[in-house]
Amino acid sequence: MAHLGHHRRESGLIPSMLTHSHELKSNTLLVVLGASGDLAKKKTFPALFGLYQNGFLPKDLHLIGYARTKMDKEEFHKREVSYIKNPNNDEELQKKIQSFQEISTYVAGAYDKDEDFQNLEKHLQEIESQYPSQERNRIFYFALPPSVFLNVAAG
C-alpha cells in the first residue's frame with residue numbers, strides 16, 4: 001500500500017482513478033461553480049485542500065471559483081479557507097494554505113448570462129496561454145442549488 005500512496009503523490013492520481021485510464025498530469029483547471037455558497041465554503045474547498053495538501057492533485061493545478069457574488073481576490077481567499085482547520089497554528093500547514101490560495105482565482109458572474117460565461121472563458125484561456133504545451137484539462141464542479149443547475153449546465 002505504501003507504494004500505491006507514493007505513486008498517487010507522484011502522478012496526481014486519486015483512488016477512484018486507479019480503475020480508469022484517465023490521469024490528469026498537468027495543465028489542469030478546476031472550476032468550482034457556486035464558489036461563494038455554503039457547500040463550496042464548508043465542504044468543497046476543505047476537501048480540495050485536503051487533496052492538495054496530500055499531493056493528490058496535479059502539481060500545476062489552477063482553481064477558479066465562479067459565482068454570482070461580487071468579491072475581490074482577498075475576500076474569495078478568505079472564504080475559501082474559512083473552514084480549513086489549523087487549531088495549533090502550525091506554520092507548515094499555514095504555508096500550505098497560503099500556497100493553496102495562490103493557485104486560486106475568482107470570477108463573478110450570473111448563471112444565466114452568456115457574456116458572463118464568456119468572461120469566465122476568457123479568464124480560463126488567459127491561464128491556459130501560459131501552459132508550456134497544448135494539453136488542456138478542465139474540470140467543472142457544480143456546487144450549486146438545484147434552481148440554477150440547468151442554466152449553468154447549458155451555459
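Predicted model: local features only at pLDDT ≥ 70, side-chain atom pairs only at ≥ 80, totals over all residues.
**Ground rules.** I number residues from 1 along each chain as its sequence is written. Local features need pLDDT of at least 70 and side-chain atom pairs 80 or more, while totals for chains, interfaces and linings use all residues, and side-chain values use heavy atoms, without hydrogens or water.

**The sheet.** I looked up the strand order and found four parallel strands in an open sheet, β3-β2-β1-β4. Strands are DSSP E runs of at least two residues, and helices are H or I runs of at least four, numbered from the N terminus; strands pair if DSSP finds at least two bridges between them. β3 and β4 (137-142) each have a single partner strand, so one side of each lacks a neighbour in the sheet. I then checked β1 and β2, which are joined in parallel by five bridges. L33 has Y66 of β2 as its bridge partner.

**The core.** Next I turned to the largest nonpolar core, which has 37 residues. Such a core is a set of buried Ala, Val, Leu, Ile, Met, Phe, Trp, Tyr and Cys residues joined through side-chain atoms within 4.5 Å. Buried means under 20% relative accessible area, exposed over 50%, and partly exposed in between (1.4 Å probe, protein chains only). V32, F45 and I64 are among the residues with the most contacts inside this core. Elements giving it two or more residues include β1 (28-33), β2 (62-67) and α5 (114-128).

**Two residues.** Contact means heavy atoms within 4.5 Å. Beyond four places in sequence, I64 touches residues including V32, V107 and L120. T44 sits in helix α2 and counts as buried because its relative accessibility is 7%.
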